Amino acid sequence: MPEAKRIDGKAFAEGLVNRITRAVAELQARHGLKPGLAVVIVGEDPASQIYVRNKGERTEASGMRSDTHRLPAETSQDQLLDLIADLNADPGIHGILVQLPLPDHIDSSAVLGAIDPDKDVDGFHVVNAGRLAVGLPGLVPCTPLGSVMLLKDQMGDLTGLNAVIVGRSNIVGKPMAQLLLAESCTVTVAHSRTRDLPALTRTADILVAAVGRPEMIKGDWIKPGATVIDVGINRVPSADPEKAAQGKTRVVGDVAYAEAVAVAGAITPVPGGVGPMTIACLLMNTYTAACRSAGLDPALPDA
Ligand SMILES: Nc1nc(=O)c2c([nH]1)NC[C@@H]1CN(c3ccc(C(=O)N[C@@H](CCC(=O)O)C(=O)O)cc3)C=[N+]21
C-alpha cells in the first residue's frame, strides 16, 4: 500500500480565504457594505486568547471589520446577555461569535440562544441546527462545513459512501452527520458507548474523528484506502522527554497519524488540516450573513 495522501487543509483554507477577500472587496465597492464580526471572550484562558487574537487578525486581513470584546471572568450572565442584545441590534455587525467554553456560572445554551440566528456565524443556535436538519438555508457550524469541503475536494461525489463519525457533540459530530446525510452518505454516529468501535470504523469509506482523545483511532481501525478527517486538536507533552520535562507541548489529533497514514487513502494532518478550515469557514459565514442581511447572493467567485 502506498502512503496516504496528506490533505493540505492549510493550503485549501488559504485559497478559500483569497476568494472571500475578493468577494468582500467587491461587496464594499458595489454596495458599500463591509461585513463585521464581533467576537466575545469571557475570562483569561490563554489558549482561548490566542484563538481569539488569531480570528481578529484573519478577519481584518480579509477586509472585514473585527470587534473583540474581552470581558472579565466575573462577568454576570445578564451583562453578557446585554452585550449580545446590543450586538444583535448593531447594523454594522453581521456575525457574533461567543468563544466557548464559558465560565461555569454562565449557562451557555441561554447565551447561544440569545444570539440572532441570522448573525450566528458559529451555527450553534437551535434555529440553525433545525434549519440544517430539515435542509433550509441557515448558518452551518464551521468545523463540519470545512471538513465536508475538504472531503468533496478530495473525493468528488460522496453519494452512497459509508461515513462513520466518532463523536456526537452538538458542534461537530451531529452537524457533520447532517451534512454527510445531505451528501447522500450512509451515516453512522459512534460515541463512547458504541460496542466494538474498531470493527465499526473499519467499515468506513469516510472516517471522521471528533472525540477529543489524543491518538485514540489506531491504524488497524481504518479500512485500507479510506479517507480520514481528524477534527481533534489535543495538546500533549512533547515527544522528547527532556523537552516534556521543561513543560513543552505538541498538538496531536484524535487519530494516530503515523499508523493511519500507512493504511488510509487520504488523511488530514494535525495541525494543518481541519483547524485552518474552521477559521476560513468563520470568515465565509460572516460574509454570507452580511450578504443575506442586504438581500444579496452570498455565492463566492471561483478560485
Ligand atoms: N464559539 C466558538 N467557536 C469556535 O470555533 C471555537 C470556540 N468557540 N472555542 C475554541 C475552539 C477552538 N477552535 C480552533 C479553530 C482553529 C484552530 C486552528 O486553526 N488550529 C491550527 C493550529 C493548531 C495549533 O498549532 O495550535 C491547526 O489545526 O492547524 C484551532 C482551534 C475554534 N473554537
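Modeller: Two residues are in contact if their C-beta atoms, placed from the backbone, lie within 7 Å. By that rule Ser-169 touches Lys-174 and Ala-210, leaving out residues up to four places away in sequence. This is a predicted model, in which local features need pLDDT of at least 70 and side-chain atom pairs count only at pLDDT 80 or more, while totals for chains, interfaces and linings use all residues. Residues are numbered from 1 along each chain as its sequence is written.

Biologist: Where is the place of Ser-169?

Modeller: Helices (H or I, at least four residues) and strands (E, at least two) are DSSP runs, numbered from the N terminus. Ser-169 sits in the loop between S5 and H7. Arg-168 is placed in the loop between strand S5 (162-166) and helix H7 (173-182). With neighbours within four places in sequence left aside, Arg-168 is in contact with Gly-173, Lys-174, Val-189 and His-191.

Biologist: Which residues does UniProt place in the feature "binding site"?

Modeller: The unreviewed UniProt entry places it at Gly-167, Arg-168, Ser-169 and Ile-233. UniProt positions follow the numbering used here, feature names are shortened, and annotations may be inferred rather than shown by experiment. In the model, the span 141-292 is 38% helix and 18% strand, and its end C-alpha atoms lie 17 Å apart.

Biologist: Why does Arg-168 count as partly exposed?

Modeller: A residue is buried if 20 or more other C-beta atoms, placed from the backbone, lie within 10 Å of its own, exposed if 12 or fewer, and partly exposed in between. Arg-168 counts as partly exposed because it has 18 C-beta neighbours inside 10 Å. Ser-169 has 17 such neighbours, so it is partly exposed.

Biologist: Is Gln-99 buried or exposed?

Modeller: Gln-99 counts as buried because 20 C-beta neighbours lie inside 10 Å. Its place is the loop between S4 and H4. Setting aside neighbours within four places in sequence, Gln-99 is in contact with Val-39, Val-40, Ile-41, Ser-48 and Val-52. Gln-99 and Gly-43 are 56 residues apart in sequence, and their C-alpha atoms are 10.0 Å apart in space.

Biologist: How do I read the backbone angles?

Modeller: Most residues other than glycine have a negative phi, and most peptide bonds are trans. Ser-184, which is not a glycine, has a positive phi of about 65 degrees. Ser-184 lies in the loop between H7 and strand S6 (186-190), and it is exposed because 12 other C-beta atoms lie within 10 Å. Glu-215 also has a positive phi, near 55 degrees. Its loop runs between strand S7 (206-209) and strand S8 (227-230), and Glu-215 is buried because it has 20 other C-beta atoms within 10 Å.

Biologist: Which residues does a cis peptide bond join, with omega about 0 degrees?

Modeller: That bond joins Leu-100 and Pro-101. Pro-101 is in the loop between S4 and helix H4 (108-114). The peptide bond from Val-270 to Pro-271 is cis, with omega near -5 degrees, and Pro-271 is in the loop between strand S11 (266-267) and H11.

Biologist: Which of the 16 residues around the ligand come nearest?

Modeller: A residue is near a molecule if its C-beta atom, placed from the backbone, lies within 6 Å of it. Leu-100, Val-251, Pro-271, Gly-275 and Thr-278 come nearest among the 16 residues around the ligand. Strand S4 (95-98) and helix H11 (274-293) each supply at least two residues of this shell. H11 gives the most, with four residues.

Biologist: What do the domains supply to the shell around the ligand?

Modeller: Domain bounds come from an automatic or database domain assignment. That assignment gives domain 1 (31-117) and domain 2 (142-275), and the C-alpha centres of the two lie 28 Å apart. The shell around the ligand draws at least three residues from each of domain 1 and domain 2.

Biologist: Which residues touch the most other members of the largest nonpolar core?

Modeller: A nonpolar core is a set of buried Ala, Val, Leu, Ile, Met, Phe, Trp, Tyr and Cys residues joined through C-beta atoms within 7 Å. In the largest one, with 86 residues, Ile-165 and Val-208 touch the most other members. H11 provides the largest share of this core, twelve residues. Each of domain 1 (31-117) and domain 2 (142-275) gives this core at least three residues. Not counting residues up to four places away in sequence, Val-208 touches Ser-147, Ala-163, Ile-165, Val-166, Met-176, Ile-229 and Val-231.
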